[in-house]
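Hi there,

Here is the structure I promised to pass on to you. Have a look at it first, and then read my notes below.

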Amino acid sequence: GVIAPWNFPLFLSMRSVAPALVLGNAVVLKPDPQTAITGGALIAEIFSEAGLPDGVLHVLPGGAEAGESMVASPEIDMISFTGSTQVGR
C-alpha cells in the first residue's frame with residue numbers, strides 16, 4: 001500500500017508505486033484528498049494506458065479513515081508512507 005502526500009503527489013507516489021509494480025505486486029494507492037487527481041487518478045490512468053492489467057493498481061480516495069483501514073488490513077503486507085510523524089499518527 002502507498003499513502004501519498006499532498007506535496008509533489010505525482011513524483012512522490014510514483015517512487016513507491018512503480019517499483020512495487022515492477023516487482024510483481026498489486027498496489028493500493030491512497031492519495032491525499034487535496035491531490036486525488038494528480039496523486040491518484042492520473043497515475044491509474046497512465047498505468048492503464050500503458051497496459052497494466054485491471055485489478056493490479058487500486059486508488060483508494062479518502063482521508064485518515066482510508067489510511068487507517070489500509071494500515072489495519074491483514075491483506076496489505078507493507079505500507080509506504082511519505083509524511084511527518086504527526087500526520088502518520
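Let's start with a term: a nonpolar core is a set of buried Ala, Val, Leu, Ile, Met, Phe, Trp, Tyr and Cys residues joined through side-chain atoms within 4.5 Å. Buried here means under 20% relative accessible area, with a 1.4 Å probe and protein chains only.

This is a predicted model, in which local features need pLDDT of at least 70, side-chain atom pairs count only at pLDDT 80 or more, and totals for chains, interfaces and linings use all residues. Residues are numbered from 1 along each chain as its sequence is written, and side-chain values use heavy atoms, with hydrogens and water left out.

The largest nonpolar core has 9 residues: Val2, Ala4, Val17, Leu21, Val27, Leu29, Ile43, Phe47 and Leu57. At least two of its residues come from each of helix 1 (9-22), strand 2 (27-30) and helix 2 (37-49). Helices (H or I, at least four residues) and strands (E, at least two) are DSSP runs, numbered from the N terminus. Leaving aside residues up to four places away in sequence, Val17 touches Val2, Val27, Leu29, Phe47 and Leu57; contact means heavy atoms within 4.5 Å.

Now the whole chain. The protein chain has 4 helices and 4 strands, and from the N terminus on they run β-α-β-α-β-α-β-α. Along its principal axes, the C-alpha trace spans about 35 × 25 × 20 Å. Of the 89 residues, 29% count as buried. Among contacts between residues at least 6 apart in sequence, 72% join residues at least 24 apart.

Happy exploring!

Key: Buried < 20%, exposed > 50% of the residue type's maximum accessible area, 1.4 Å probe, protein only.
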